[in-house]
Amino acid sequence: MAENHYENPPLTISKIGIIGAGVSGIAAAKQLYHHNPVVFEASDSIGGVWRTCAYNSTKLQSAPKDYEFSDFPWPNRDDPSFPTHVEIVDYLESYAKHFDVLKFVKFNSKVMELRFVGQQGTTELGGNGGAFGSPLPGHPVWQIAVQTNGSQNLQWYAFEFVVVCIGKYGDIPKIPSFPHNKGPEMFQGEVLHSIDYCKLDKDAASQLLKGKKVAVIGYKKSAIDLAVECAEANQGPEGQPCTMVVRTLHWTVPHYSVWGLPFFLFYSTRASQFLHEKPNQSFLRTMLCYLLSPLRRGVSKFIESYLLWKLPLRKYGLKPDHPFEEDYASCQMAIMPENFFTEADKGNIVFKRSSNWWFWKEGIEFDDNTKMKADVVILATGYDGKKKLKTILPDPFRSLIEYHPSGIMPLYRGTIHPLIPNIAFVGYIESAANLHTSELRSMWLARYVDEKFKLPSAENMLEQIYKEMEVSRRITRFYKRHCISTFSINHGDDICEEMGWNSWRKRSWFAEAFSPYGSQDYRLKN
């Protein structure tokens, strides 16, 4: 954390500060437009991870119409193909220009430190009922230290309310720990994290991979895409196979169709989500969920049967032991690139299952006493989003990021931490459609800031959050993620009701029950 060199630093005072100009930051800036927010962006452009953490082959995992703002549809929204990361950045820039939010953004402005200057008592449970009072109290609550264009001097700003939109991905890599003398320092080859690979242009990436024995650690979306790029760079007789080191298997899907039926029928309609448990459900709803549980498990088995028929998961030992439903409920379902198993069939991608591994001089050693030689090891092991927050938040708030034993940051409506006043976090809750999730919560946040409604007490907010976490814990072993995919429509209902909107957004009962919910359903504000 940066040290402040001034007891009373010179301040630029504004009402609202937003940290980050990715998807969530731009959505928040648009909804808070009337407050003239100041948006700090560490890089020289908007787009967040789509700009800074994308491979050359990175694409969206859905069609355009499933990843768009409610009031700014894609020009080709009915195109079933998945947009590239370049097209997504272009879309975000068009959105920002159309709604004139770029004027709020200070580029090359990295936030180094937040300082709380409000009343400390507002963080205590029971104090003032846990309610924070006015979100815009008329005086600064937070000071922010900003480093501009790499300067050693910090510029200080003061805000009544701060919105943090730096996200959970990018910036700080999650590096595995290794036994003594078995870490990367023992390896004679090259070790890098996927965040380092993202910074390479196409030629540099190809040069790194071509003709090299490459090991990719991981089996989530970034690892899968990286393995495909590695295989494509190693075509021909000089090529070397890419080895994916897989610790935990997850279900992957080839497209959004299951035995000829659209995928949304199973999880993205109000009728389908009625099969799943939700927080605060009535006793009758609980009994219905119990009685319908065989149907819910049957849906999961139905999808699994298609995936095992369509993809050679058994052939390569990639069939997970857990139900598909658990991956969907924890937002870990990934779309498999079309040519992934084609490259595996050609021998360009091979797989190694291992719970533990470490480095030796010439490569990697596994817990079954086998070794593999490698020239390059790429860690697709994710990012430490909580550490990123802890580097800028002061005490005592830093310790509250992981308030719950699950390690999940407790956020009411996926936005407000009940124990941290006058600050919001947008982009930290996951669903099957993260852009829509961020936009809807930005709408809710803007109305809260405008005092269209009041927050419950801290106790009541924490109770609601824990109920959501308990639902996740009961339905998936991967519950240490704040994912609402199986009750996202109900979550949206609660948000709409707090904003004074009609929670049922469709034009007919049939559509309400059987058509998918998306961002366009929240365009009309009534």
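Arginine 296 counts as buried because its relative accessibility is 18%, where buried means under 20% relative accessible area, exposed over 50%, and partly exposed in between, with a 1.4 Å probe and protein chains only. This is a predicted model, in which local features need pLDDT of at least 70 and side-chain atom pairs count only at pLDDT 80 or more, while totals for chains, interfaces and linings use all residues. Residues are numbered from 1 along each chain as its sequence is written, and side-chain values use heavy atoms, with hydrogens and water left out.

The place of arginine 296 is in helix H10, residues 293-310; helices (H or I, at least four residues) and strands (E, at least two) are DSSP runs numbered from the N terminus. Not counting residues up to four places away in sequence, arginine 296 touches Leu275, His276, Cys289 and Glu325, contact being heavy atoms within 4.5 Å.

**The disulfide and other cysteines**

The structure holds one disulfide, a term used here for a pair of cysteine sulfur atoms within 2.5 Å. Cysteine 331 is joined to cysteine 483, with an S to S distance of 2.0 Å, and the link of cysteine 331 and cysteine 483 is right-handed, with 75 degrees about the S-S bond. Because cysteine 331 lies in the loop between H11 and strand E13 (334-335) and cysteine 483 in the loop between H15 and H16, the pair ties together parts that are 152 residues apart in sequence. Both cysteine 331 and cysteine 483 are buried.

Cysteine 53, by contrast, is in no disulfide, and the nearest cysteine sulfur, that of cysteine 198, is 5.1 Å away. With 17% relative accessibility, cysteine 53 counts as buried. Cysteine 165 is likewise in no disulfide, the nearest cysteine sulfur being that of cysteine 53, 16 Å away, and cysteine 165 is buried with a relative accessible area of 8%.

**Helix H15 and what covers it**

Helix H15 (residues 458-475) has 18 residues, which at 1.5 Å a residue should span 26 Å, and its end C-alpha atoms are 26 Å apart, in agreement with that value; the expected span is 1.5 Å times one less than the number of residues. The buried residues in H15 are Ala458, Met461, Leu462, Gln464, Ile465, Glu468, Met469, Val471, Ser472 and Ile475. An α-helix has 3.6 residues a turn, so residues three or four places apart point the same way. Helix H11 (324-329) and helix H16 (488-499) are among what covers the buried residues of H15.

Phe274, Phe283, Leu284, Met287, Leu288, Tyr290 and Leu291 make a nonpolar surface patch of about 780 Å². Patches are made of residues with over 30% relative accessible area and no salt bridge, with like charges joined within 9 Å and nonpolar side chains (Val, Leu, Ile, Met, Phe, Trp, Tyr) within 5 Å; a salt bridge is a side-chain nitrogen of Lys or Arg within 4 Å of a carboxyl oxygen of Asp or Glu. Accessible areas come from the Shrake-Rupley method with a 1.4 Å probe, and for residues only the protein chains shown count as cover.

Leucine 60 lies in the loop between helix H2 (49-52) and helix H3 (85-98), and leucine 60 is buried, with a relative accessible area of 5%. Leaving aside neighbours within four places in sequence, leucine 60 is in contact with Trp50, Tyr67, Phe82, Pro83 and Ile88. Lysine 373, found in strand E17 (residues 371-373), counts as exposed at 51% relative accessibility; not counting residues up to four places away in sequence, lysine 373 touches Lys213, Trp360, Glu362 and Gly363. The table sets out a C-alpha separation for each residue.

| Residue pair | Apart in sequence | C-alpha to C-alpha |
|---|---|---|
| Leucine 60 and histidine 85 | 25 residues | 6.8 Å |
| Lysine 373 and proline 337 | 36 residues | 27 Å |

**Backbone details**

Most residues other than glycine have a negative phi, and most peptide bonds are trans. A cis peptide bond joins aspartate 395 and proline 396, with omega about 5 degrees, and proline 396 lies in the loop between helix H13 (385-390) and strand E19 (423-425). Asparagine 422 is also found in the loop between H13 and E19; its phi is positive, near 55 degrees, and asparagine 422 counts as buried at 5% relative accessibility. Asparagine 36, in the loop between helix H1 (23-31) and strand E2 (38-40), has a positive phi near 50 degrees.
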